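I went from a whole chain to single residues and the interface.

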Amino acid sequence: MLAQDITVSTPEVEWFHLSPIIALVGGALFLLVVGALTPRWPRGLYAFVAAATVGTAGGLAMALWDDVTDQGTGTLLAGALAFDTFSQFLTITICAATLLVVLVTDDELRRTGRDGPEVYALMIVAATGGVVMAAANDLIVLFLGLETLSLALYVLAASDRDRTTSQEAGIKYFVLGGFASAFFLYGIALVYGGTGSTNIGDIIGSFQGSVLVDGNDSLVLAGIALLVVGLGFKVAAVPFHVWTPDVYQGAPTNVTAFMASVGKAAAFAAMLRVLVVALPFHRDDWRPVIWVLALLSLVIGSALAIVQTDVKRMLAYSSISHAGFILVGVEAAGHRAGEVGDLGDGMPSVVTYLLLYAVLTVGSFAVVALVGRNAGGDTSLDAFRGLAQRRPALALGLTVFLLAQAGVPFTSGFVAKWGVIQAAVEEESYAIAIIAMVAAVIAAFLYLRIMVSTWLEPSAEAAEQEAVPLSTGLAVLSAAVFTLFVGIWPGWLLDAADTVTQYAR
Amino acid sequence: MTSLLAAETSASLGFPILSMLIIVPAVGALIVALLSRRRPEEMKLVATIASVATGAMTVWLTVEFDVGDAGFQFVSQHPWIERWGIGWHLGVDGISLFLVLLTGILFPLAIVGIDPHNDDPARNKPYFAWLLILEAGIMGSFVSLDLFLFFVFFEVVLVPMYFLIGGWGYEGRVHAATKFFLYTMIGSAFMLVSIMATVFIASRNGVGSVTFDLVEIAENANFAASTGRWLFFGFAVAFAVKVPVFPLHTWLPDAHTQAPTAGSVVLAGVMLKLGTYGLLRFGLYLFPEAAHWSRALWLTLAVVGITYGAIVATMQKDLKRLVAYSSVAHLGFIVLGTFAFTGQAITGSVMQMVNHGVSTGALFLLVGMIYERRHTRQISELKGIQSVAPIFAAAFMIVMLSSIGVPGLNGFVGEYLILIGAFLSARWWVVVAATGVILAALYLLWAYQRVFHGEPDEENRTFAELKLREAAVLLPFIGVIVFTGVYPKPMLERIEPAVEQLVAHVEEKAGFTAAEPGSPDPIPAEHADDEADHEEGDD
């Protein structure tokens, strides 16, 4: 009897606004299902389908950008996802990085005889997870995105079945990552306990609507602590970084590029959503924690980077140092989080940094992949000796990326670093700004070491010229052009990034 | 005091000459990079054309420069990154004019006159490309009137210099290049934060909007004393490393000694001036109060640098290292003049920047020629060169005397102005600094005696005389040395108005009177004025 009266209210589905996610999921499913049912596709076709998928998703996100700026922000699926320029910006970032990684992956897989749809499907699934994290307006949805990304990454890290180091990297990442996910989930539970909702809009509402009578908000504070641990692990901030060097070194280089770009972008997007968007009322509680994480990541990441001898490991530690830089931007965003009006440059500087760093790091790892493959899997500094004699164009590309990572002017890295430092100085966080710049100098020594090897040291007698396949060459070229282009004309990107402070919730 | 803003629009050629000074070498570098690796001689040709064209433009600029005008001339101003209030704002005044000219003249000479010691001619390509990028960066630093733009060029300069030292230097080159890069970058780290803080604090105190425009900030911002001092400190660290001021000088002997000859010439000739120029343009101009407040420290460090550099130079066994330490001493004089806060001393400092560039640049060139002939720089292994190569020895002698500061040559004019000007306001520091002049004579003459006098031994008997091309490269240096020494008026009359205006700006903002020195033994104001007038008459 009762059953007839109940009308299940389903939320309205804004199909077009969800189209980037749908495109990604559709592409992944197509690759998996059709790829499994048909005989081996012609060479390069798997990669082409994957590239077309992420390209379409990125293009749709760009098309949606105007919708947001014209019609304003909102939420989708009954408040589960946010529809704002922040989510679109990160979607474009993730899709662009995935596209570059796919170009690098194509050649990597075919040379090792592992060509097939699975790796591409996993990458697209991981990218979908990242996009959901960036757009999540509900902590549970955010957790779903996080797990989608992470599980795909665990498998990807172990995807080189012929190398035990890859398996080892996968296991390490899985065990520690699972641990961190547990922290994160527990944090969500405690915040739910403290605020009565997992929806970000409702969490804000609960703070606005209630007055803290007895001064006891320990549930929320404990929740924030656990959330920061989980997020700190995902962004690889010191002291939650220990997995990074091993996993980055062990995983296939194309997967390392993916983790360093997409993984990092999605994790920082989640961090901004959770801390700045959902929990601005506790900004004075979490901001000092971020400050310390930034300090440790900057100093320890840079200092440990310069004593490494393996280039992949160097770039892993440098990614920790970059995480520290981005945390400086998060800290700056924390000063005026949740206020009305001018929110400062913290959030725009973070998303700009994420996009620029994603492109840079994929470009760097693409060169590392080519050199490493030529040297039989050796990615030590010695393998790079004399690269400029063997492959001047490749060495030049690598130099552009390394100079950009060091933050030299007329490269995108300078714009990125300038942005976060400016945001920090604007909020009068002088100490962390100076520490960040000094750490950048320490890190510059690392990039110089690699450049010295490539340009100034003679090639080993037996070293052969690296083969540069078309797709990887294209990835390196486009990343390098982008790096220089943004370094010289950053205005358009900064204007676009500036709108992300108008986030939905 | 006339506003600098009002004076800005005066001289103009209807041609963006300052932008071209940056663009021409940069485009030259690009063309060199695109040329085929198999044609090394074409690369040198392109580099020569680009640098000569740039040099010709700087000469034209100097001719067209409006002598009586103290403000910025040939201004070119376009918005660049509007979101951050950053503009492409260039201009020259009397302070930067001769540094631009020096850059424009040194580079063609370094490119035409000095061949890189390459085993592989294909390596000419990066060599010339890096040199041209270096020229673009240095030009940009000297003409930028936007804090962001200045920082960008200031940083850009590091990369080519790093590769030039690291790629074409001597035995310990990689170590020296890395040390140079890291030292300078540490300084820049402080400056970057300081620049941003300056911009934001200025936007809330007087300027009204976020802008990186140097002139707007300097004219309108009102920093609280303590804020200004912190901001000044950030800038000062970067410039003090670049100058280098004692005790931050340790990168310099290494970098100079290990750099290829062209690198040493450029490094000593113009790059070190980025530091002293920065102190004037961004230190004194932006933070007059802080600069004046900290003057005792600067004067002391300058005097320590003068005596320490001279004493250490005396003991060097390596000729190039000797010249490098003499740079530490000479730049001490420039810092001394800068922080004396009198018109004369600062004019002398600006002159001395150019003079040191000419004479030390020429000294490095000569030492490079010695190394090419003998493959050693050790003073003990050289002997009696004067008897086998008298013209070479004569050229060395003239350049060396200019470096010592002998009257009638250019070094004298600058050093004398600094000492006279600083004597008004910093008497006891000058008393100590004057010993540096004597020590300079000591170490240079002693080195000359050991290298050129006596009977040449077996190895030095075949020392080749100056070749025609080498003479052609040295001639402009010697010409400038003698001309400026005998007739400094054309330089002084262009430098002085800008310096006087800077001093007036500092007086107004810092609230002191330059003619009334506050330390350590005050001279009555009218007396100081008399002496100043008297000196001007003499020049």
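My entries follow in the order in which I looked things up.

**Ground rules.** I am working with a predicted model, where local features need pLDDT of at least 70, side-chain atom pairs count only at pLDDT 80 or more, and totals for chains, interfaces and linings use all residues. Residues are numbered from 1 along each chain as its sequence is written, chains are lettered from A and ligands numbered from 1 in the order in which they are written, and side-chain values use heavy atoms, with hydrogens and water left out.

**Chain A overall.** I began with secondary structure and found 20 helices and two strands in chain A; helices (H or I, at least four residues) and strands (E, at least two) are DSSP runs, numbered from the N terminus. Its radius of gyration is 22 Å, close to the 23 Å from the globule rule for 505 residues, so chain A is as compact as a globular protein of that length. That radius is taken over C-alpha atoms, and the rule is 2.2 Å times the number of residues to the power 0.38. I read the span of the C-alpha trace along its principal axes as about 80 × 60 × 40 Å. Of the 505 residues, 63% count as buried (under 20% relative accessible area; exposed is over 50%, partly exposed in between; 1.4 Å probe, protein chains only). I also looked at contacts (heavy atoms within 4.5 Å): among those between residues at least 6 apart in sequence, 81% join residues at least 24 apart.

**A:Ser364.** Is A:Ser364 buried or exposed? It is buried, with a relative accessible area of 1%, and I found it in helix α14 (residues 346-374). Leaving out residues up to four places away in sequence, A:Ser364 touches A:Leu315, A:Leu398, A:Phe401 and A:Gln405.

**A:Ala237.** I then went to the loop between α9 (218-235) and α10 (243-250), where A:Ala237 sits. A:Ala237 is buried, at 0% relative accessible area. Its neighbours, not counting residues up to four places away in sequence, are A:Gly232, A:Ser297 and A:Leu327.

**Chain A against chain B.** How many residues does the contact take from each chain? I noted 35 from chain A and 34 from chain B. The area buried is about 3,300 Å², 83% of it from carbon and sulfur atoms (accessible area, 1.4 Å probe, that two parts lose on being put together, summed over both). On the chain A side, A:Trp418, A:Val441 and A:Leu456 lose the most area to chain B, together 20% of what that side buries.

The rule finds one salt bridge across the interface, and it joins the side chains of B:Arg204 and A:Glu428 (3.3 Å, N to O). The cut-off is a side-chain nitrogen of Lys or Arg within 4 Å of a carboxyl oxygen of Asp or Glu. α18(A) gives the most to the chain A side, with 13 residues.

**Helix α6 of chain B.** My last stop was α6(B) (residues 147-156), where ten of its ten residues are buried. B:Asp146 caps its N-terminal end, with a side-chain oxygen 3.0 Å from the backbone nitrogen of B:Phe148.

Notes
Polar contact = N/O pair within 3.5 Å; in protein donor to acceptor, adjacent residues only side chain to side chain.
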